[in-house]
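Here is a set of questions and answers on one protein model. Look at the structure first, then read on.

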Amino acid sequence: MAAAGENLRINGDRLWDSLMEMARIGPGVAGGNNRQTLTDADAEGRALFQRWCEAAGMTMGLDAMGTMFATRAGEDPEALPVYMGSHLDTQPTGGKYDGVLGVLGALEVVRSMNDLGIRTRHPIVVTNWSNEEGARFAPAMLASGVFAGVHTLDYAYGRTDPEGRSYGEELARIGWKGTEEVGARRMHAYYELHIEQGPILEAEGRQIGVVTHCQGLWWLEFTLTGRAAHTGSTPMAMRINAGLAMARIIEMVQEVAMAAQPDAMGGVGQARFLPNSRNVLPGSVVFTVDLRSPDQAKLDALRAEVEARAPAICAELGVGCAVEVVGHFDPVTFAPDLVRSVRGAAERLGYSHMDVVSGAGHDACWAAKVAPATMIMCPCVDGLSHNEAEEISKDWAAAGTEVLFHAVLETAELLR
């Protein structure tokens, strides 16, 4: 595979302008974005992305999960495409770069190839995966999971948001339900550029994270059943308090994760009280425990201990306890050849870099089940993500995209 010369660069200003223009769609309340999947804002962002892709000479494909695939033709019609991308959907209070950098950085790679008259043997595909975040329809990485055969299409279509609307219905409603069979495409390789969503690169003063592995995770959704009762007139000793049981389980999760250090994470970021009234003890509480580790045995041990200890906590308080797995993937080791391509690109371009393990899940984790895959990361300020204050610099965005550019050209076989 031929490596691109370090003189090949992307247009950093154009990339940044595209990021800022996309950020105007689905604005948040504090400078970020609320462009949750299958909302009207998501549909508007998709339409803008399609216009940009078509203007860059690409043809758009759309599968039955709503994932978008924009193809730049290669010189060899028999060669499998090199894919790159991420997602345009955001958290309810998300930032402007999580996922979006990977999609628009990939688009910038194609635009720069056009500017420079570059040809490749393999076709190149820019991908916008649907419902990566899982904020509205759990689990996360839903469309890439169906693509990889982890979930069925019927399962995905049946997932519901907190208002009871299904994925299948909402996909059809916004007009982005394609006819292409999910998972029918074959990949030569898959690259994903992403912000780190953690503080390590910035703290170490590195411009590029060469991602070698991704942590696995379990999402365990607990439903605790107590007895709704007046908080002022129900004696403390006579309460069946699902909220108290949740608090003790959260504390237990903290203890379990801390006892398994290093490389163990555990916490709770979402909870719903019913009836959710100030002066009513909850009749039920639904919350999700998030467990992560890059070590398979440790990850499964975390789950086993949490599931074993939670029912005992609830039984002591007379609270019912049910648990459902709503998200899971095993730890991922990314393709060594692609990892070397990323590392080599960073070195040729003169960017400081280090090997990192992704603490968050990404569509690349499922893509790795069907093709060689890897990721590239750039720093984010204070490691902050899934927050409207999420921030990166124009230089960080450009550096990550240039490494993507060079790695993809090597894998797609740049023609001189």
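Q: In which helix is glutamine 50 found?
A: This is a predicted model, and local features are given at pLDDT of at least 70. Glutamine 50 belongs to the helix that spans residues 40–55. That helix is H2.

Q: Is glutamine 50 buried, partly exposed or exposed?
A: Buried means under 20% relative accessible area, and exposed means over 50%. Glutamine 50 has 21% relative accessibility, so the class is partly exposed.

Q: Which residues does glutamine 50 contact, leaving aside neighbours within four places in sequence?
A: Take alanine 70 as a guide to the fold here: 20 residues along the chain from glutamine 50, with the two C-alpha atoms separated by 8.0 Å. Contact itself means heavy atoms within 4.5 Å. For glutamine 50 the contacts are Met60, Met68 and Trp176.

Q: Is arginine 111 buried or exposed?
A: The C-alpha atoms of arginine 111 and asparagine 11 are separated by 8.6 Å, although the two are 100 residues apart along the chain. The cut-off for buried is under 20% relative accessible area. Arginine 111 has 13% relative accessibility, so the residue counts as buried.

Q: How far is arginine 303 from the ring centre of tryptophan 218?
A: Here too, an arginine lies over the face of a tryptophan. For arginine 303 and tryptophan 218, the distance to the ring centre is 4.1 Å.

Q: How many aromatic pairs are there?
A: Rings pair if their centres lie within 6.5 Å. One aromatic cluster is formed by Phe69, Tyr83, Trp129, Phe147 and Tyr190. The count of aromatic pairs is 9.

Q: What kind of aromatic pair do phenylalanine 137 and tyrosine 167 form?
A: A pair of rings is described by the distance of the centres and the angle of the planes. For phenylalanine 137 and tyrosine 167 these are 5.4 Å and 75°. Planes over 60 degrees apart count as edge-to-face. The pair is therefore edge-to-face.

Q: How many residues apart in sequence are the parts tied together by phenylalanine 137 and tyrosine 167?
A: Both residues are buried. Phenylalanine 137 lies in the loop between strand E5 (124–128) and helix H4 (142–147), and tyrosine 167 in helix H6 (residues 167–174). So the pair ties together parts that are 30 residues apart.

Q: Which helix holds tryptophan 366, the partner of phenylalanine 329?
A: The two ring centres are 5.8 Å apart and the planes are at 75°, so this pair is edge-to-face. Phenylalanine 329 is buried at 4% relative accessible area, and tryptophan 366 is buried at 6%. Phenylalanine 329 lies in strand E13 (residues 320–329), so the pair ties together parts 37 residues apart. The helix of tryptophan 366 is H11.

Q: Which element gives the most to the lining of the second largest pocket?
A: This pocket holds about 170 Å³ of space. Of its 13 lining residues, the closest to the centre are His328, Phe329, Asp330, Trp366 and Lys369. E13 and H11 each supply at least two residues. With 4 residues, the element that gives the most is E13.

Q: How many nonpolar residues does the lining of the second largest pocket have?
A: The lining divides into three classes. There are 3 polar and 2 charged residues. The nonpolar residues number 8.

Terms used. Residues numbered from 1 in each chain as written. Predicted model: local features only at pLDDT ≥ 70, side-chain atom pairs only at ≥ 80, totals over all residues. Heavy atoms only, no water. Phe/Tyr/Trp six-rings, centres within 6.5 Å; stacked < 30°, edge-to-face > 60°. Buried < 20%, exposed > 50% of the residue type's maximum accessible area, 1.4 Å probe, protein only. Lys NZ or Arg CZ within 6 Å of the ring centre and 35° of its normal. 1 Å grid on protein atoms, 1.4 Å probe; cavity = no way out; pocket = protein on both sides within 12 Å on 5 of 7 lines; lining within 4 Å. Points joined across faces, edges and corners; volume = space filled by probe spheres on them. Nonpolar A, V, L, I, M, F, W, Y, C, P; charged D, E, K, R; others polar.
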